[in-house]
Amino acid sequence: MMEGRPFKFRILELLEERGSMWNYELVPILQDEYNMHSDYYRDCLNFDLIEVAASGMSCEVDERLDEDESFGHILFKYKITPLGVELLNDLRSKVHVKKGE
């Protein structure tokens, strides 16, 4: 339902659907869905994950060093919080399907 909507809405939806996810798992899904296949957009989407966590809508549940630094220096695993679930449910009641979908 949130595909094609703002990234942070979709991040919440993916975390709710799939449970906890590593940033290196979640970002490529978003890159594919939004057709954003560059390192610049990878970094922007990773920053969106950090912002969602900083706002309390998700939280970090694990971290580890990125040994080959293919995704950055530290990898983070996120899960949605009760606040994130509440906000996502509110968004679902307000965000309507785009015309043509």
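Biologist: Leaving aside its neighbours within four places in sequence, with which residues is Arg10 in contact?

Modeller: In this predicted model, those residues are Met2, Glu3, Glu17, Leu30, Glu33 and Tyr34. Each of them has heavy atoms within 4.5 Å of Arg10, the cut-off for a contact. Arg10 itself lies in helix α1.

Biologist: Why is Arg10 called buried?

Modeller: The relative accessible area of Arg10 is 4%. A residue counts as buried under 20%, so Arg10, at 4%, is buried.

Biologist: What makes the pair of Arg10 and Glu33 a polar contact?

Modeller: The side chains of Arg10 and Glu33 are joined at 2.7 Å. The cut-off for a pair of N or O atoms is within 3.5 Å, with one able to donate a hydrogen and the other to accept it. The value of 2.7 Å meets that cut-off, and the pair is therefore a polar contact.

Biologist: How do you know that the span of helix α3 is close to the expected one?

Modeller: Helix α3 covers residues 39–54, which is 16 residues. From its first C-alpha to its last it reaches 22 Å, and 22 Å is also what is expected at 1.5 Å a residue.

Biologist: Which residues of α3 are buried, and why are they said to be on the same side of α3?

Modeller: The buried residues are Arg42, Leu45, Asn46, Asp48, Leu49, Val52 and Ala53. Because they cover an arc of only 150 degrees around the axis, they are on the same side of α3. Tyr40 and Ala54, on the other side of α3, are exposed. The cover over the buried residues includes α1 (7–18), α2 (23–34), β2 (58–65) and β3 (74–80). Just after α3 comes Gly56, with a positive phi of about 90 degrees.

Biologist: What makes β1 and β3 a pair of strands?

Modeller: Two strands pair if there are at least two bridges between them. Strand β1 (residues 21–22) is joined to β3 by 2 bridges, so the pair meets that condition, and the strands run antiparallel. Met21 stands opposite Tyr78 in β3, and Trp22 has Lys77 as its bridge partner there. The pairing of β2 and β3 is also antiparallel and extends over 7 bridges; in it, Ser58 stands opposite Ile80 of β3.

Biologist: Why are β1 and β2 said to stand at the edges?

Modeller: The open sheet of 3 strands has the order β1-β3-β2, with antiparallel pairing. β1 and β2 each have a single partner strand, so one side of each is left without a neighbour in the sheet.

Biologist: In what order do the elements of the protein chain run from the N terminus on, and how do you know that the chain is as compact as a globular protein of that length?

Modeller: The 4 helices and 3 strands of the protein chain follow the order α-β-α-α-β-β-α. The radius of gyration is 14 Å, close to the 13 Å that the globule rule gives for 101 residues, and the chain is therefore as compact as a globular protein of that length. Its C-alpha atoms fill a box of roughly 45 × 30 × 20 Å along the principal axes.

Biologist: What share of the residues in the protein chain is buried?

Modeller: Buried residues make up 38% of the 101 residues. As for contacts between residues at least 6 apart in sequence, 57% join residues at least 24 apart.

Note on methods
Residues are numbered from 1 along each chain as its sequence is written. This is a predicted model: local features need pLDDT of at least 70, side-chain atom pairs count only at pLDDT 80 or more; totals for chains, interfaces and linings use all residues. Side-chain values use heavy atoms; hydrogens and water are left out. The expected span of a helix is 1.5 Å times one less than its number of residues. Buried means under 20% relative accessible area, exposed over 50%, partly exposed in between (1.4 Å probe, protein chains only). The arc is that of the directions from the helix axis to the C-beta atoms. The radius of gyration is taken over C-alpha atoms; the globule rule is 2.2 Å times the number of residues to the power 0.38.
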